[in-house]
Amino acid sequence: MKKYHFIATLLALLTIHCPLSTASATETIPIRGTVVSPTDPHIQYAGRISFANPERPAWNFPGIQIMAAFEGTSLKMIAKPKSGYFMAQIDQAKPFKVAFTSEKDSIVTLATALSDGRHLVRLMYAIEGYEYYPEFWGFVLDKGRRLIDGPSFPGRKLEFIGNSITCGYGNEGTNKEEHFDYATENHYYSYAAITARNLEAQHWVCARSGIGAYRNYGESKTGSPKNNIQVQYEYTGYALSPELRQKTGFDSMKWDFSRYQPDAVCINLGTNDLSTNNYDTKLLKQGYQSLLKMVRQHNPQAKIVFLCGSMLGDKELEIAKQILNEVAAEANKAGDKEVYRFDFTPQNGDLGYGNDYHPSLWQHEKMAAELTAYLRALMQWF
């Protein structure tokens, strides 16, 4: 319980370690302002978040969103040190990246010198939490100011289940030979997040780099039973050991599907299953079918769309398309008429590559344009 006492003491004393480069690692600077708890009812959350400790909302998937309207001329954000990267937007200004990447980063200034009035902040978690186990600890406003009523998240609801492509792996990188780096992963600019913005929809995410429909990247031909997408899908975040659950605050890991019922679920898997020449097509089909059954069970009214591309090519692309066509057709024949198929245009390098040959920012924009048009027609969201 000591770690929970820490945040209470921090808020009571209104002191915090400063993350700015102008402050020394041990410098403590008083906060002149009003500290707002994460439990404030004016703060809106979207995504698979654990509220096991309400003062420290925690998560482990990309795309988590936090939104609040506030009064005053400035805004600061408090988070657990080493929570990773967020994208922030104040009113209609250009979004910018916020970093909590060191042991001393606990507070970041999001806005200063605003006009004295009402403003809106939108935050999105830009990376997959994986090793970070991020937590949001609240806001700091001008002294005497408060959060106020603001707009709600859109009523249209999407869910994306996927791998590194959906996470945004390497999309801010410019060298296809470079490998994974959290600094170059940005879900905000992924096809999923862009599509949601295009359609004026909220989107929730269950995605992990390296994950497959039945076999994770480079793992056994017989599958990855202990850490597969179905295990991920059942939980709030990464399926942690009991020790890590206690350490990270994920005391209640099972996901409550009643919290979010999407209008459409987009599943983009198969790249890792087929990425190395050690796969079993029968097991891959069974993996898709098993996941479909689970998704349908938890989302009885949703349209379910199996996506294919854009990293696969040649034989593996044709295998993926064939299997997904069969899975969708057999589901339709069995009575589930709301299972669909969509193929992205495979990347060919004309839009560049991100790290490890992943889609570039421009490729993600192209994918989003394609998926936006498809979903707009499918959902009749005009």
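Visitor: Which ring does the charged end of Arg197 sit over?
Guide: The ring of Tyr188, with the charged end of Arg197 3.8 Å from its centre. Keep in mind that this is a predicted model.

Visitor: And what lies over the face of Tyr85?
Guide: That's Lys97, at 5.1 Å from the ring centre of Tyr85.

Visitor: Back to Arg197. Which pocket has Arg197 among the residues closest to its centre?
Guide: The second largest pocket, which has a volume of about 410 Å³. It is lined by 21 residues, and Arg197 is one of those closest to its centre, along with Gln65, Arg122, Phe153 and Pro154.

Visitor: Which elements supply at least two residues each to that lining?
Guide: Strands S7 (65-72), S9 (84-90), S12 (117-125) and S16 (201-207) do, and helix H3 (191-198) does as well.

Visitor: How does the lining of the second largest pocket split by class?
Guide: There are 13 nonpolar, five polar and three charged residues in it.

Visitor: OK, and how much space is in the largest pocket?
Guide: About 620 Å³. The lining has 26 residues, and those nearest the centre are Ser164, Ser209, Gly210, Tyr217 and Asn272. By class, the lining of the largest pocket has 10 nonpolar, 11 polar and five charged residues.

Visitor: Switching to charges. How many salt bridges does a search of the whole structure find?
Guide: It finds 12. One of them joins the side chains of Glu128 and Arg208, at 3.9 Å from N to O.

Visitor: Why does that pair tie together separate parts?
Guide: Because Glu128 lies in the loop between S12 and strand S13 (136-141), while Arg208 lies in the loop between S16 and helix H4 (229-233), the pair ties together parts 80 residues apart in sequence.

Visitor: Are Glu128 and Arg208 buried or exposed?
Guide: Both Glu128 and Arg208 are buried.

Visitor: What about Lys254, which residue does it form a salt bridge with?
Guide: Glu234, and the closest N and O atoms are 3.8 Å apart. Lys254 is in the loop between helix H5 (242-248) and strand S17 (264-268) and Glu234 is in the loop between H4 and H5, so this pair ties together parts that are 20 residues apart in sequence.

Visitor: How far apart are the closest N and O atoms of Asp336 and Arg296?
Guide: They are 2.7 Å apart, in a salt bridge. This pair links distant parts of the chain, 40 residues apart: Asp336 is in the loop between helix H7 (314-333) and strand S19 (339-343), and Arg296 is in helix H6 (residues 281-298). Asp336 and Arg296 are both buried.

Visitor: Which residues are linked in a network of salt bridges?
Guide: Lys285, Glu326 and Glu330.

Visitor: Now the rings. How many aromatic pairs are there?
Guide: The structure holds 20. One of them is Tyr191 with Phe344: the ring centres are 5.3 Å apart and the planes are at 70 degrees, so the pair is edge-to-face. Tyr191 is in helix H3 and Phe344 is in the loop between S19 and helix H8 (361-379), 153 residues apart.

Visitor: Buried or exposed, those two?
Guide: Tyr191 is buried, with a relative accessible area of 0%. Phe344 counts as buried too, at 3% relative accessibility.

Visitor: Which aromatic cluster are they in?
Guide: One formed by Phe160, Tyr191, Phe342, Phe344 and Tyr374.

Visitor: Last topic, the backbone. Which peptide bond is cis?
Guide: The one from Gly309 to Ser310 is cis, with omega near 5 degrees. Ser310 is in the loop between strand S18 (303-308) and H7.

Visitor: And what is phi of Tyr130?
Guide: It is near 35 degrees, a positive value in a residue other than glycine. Tyr130 is in the loop between S12 and S13. Tyr357 also has a positive phi, of about 65 degrees, although it is not a glycine, and its place is in the loop between S19 and H8.

Key. Residues are numbered from 1 along each chain as its sequence is written. Side-chain values use heavy atoms; hydrogens and water are left out. On a 1 Å grid over the protein atoms alone, a cavity is a set of points where a 1.4 Å probe fits but cannot get out, and a pocket is an open set with protein on both sides within 12 Å along at least five of seven lines; lining residues have an atom within 4 Å of a point. Grid points are joined across faces, edges and corners, and a volume is the space filled by probe spheres set on the points. Ala, Val, Leu, Ile, Met, Phe, Trp, Tyr, Cys and Pro count as nonpolar, Asp, Glu, Lys and Arg as charged, and the others, Gly among them, as polar. Helices (H or I, at least four residues) and strands (E, at least two) are DSSP runs, numbered from the N terminus. A salt bridge is a side-chain nitrogen of Lys or Arg within 4 Å of a carboxyl oxygen of Asp or Glu. Buried means under 20% relative accessible area, exposed over 50%, partly exposed in between (1.4 Å probe, protein chains only). Rings of Phe, Tyr and Trp (its six-membered ring) pair if their centres lie within 6.5 Å; planes under 30 degrees apart count as stacked, over 60 as edge-to-face and the rest as tilted. A charge sits over a ring if NZ of Lys or CZ of Arg is within 6 Å of the ring centre and within 35 degrees of the ring normal.
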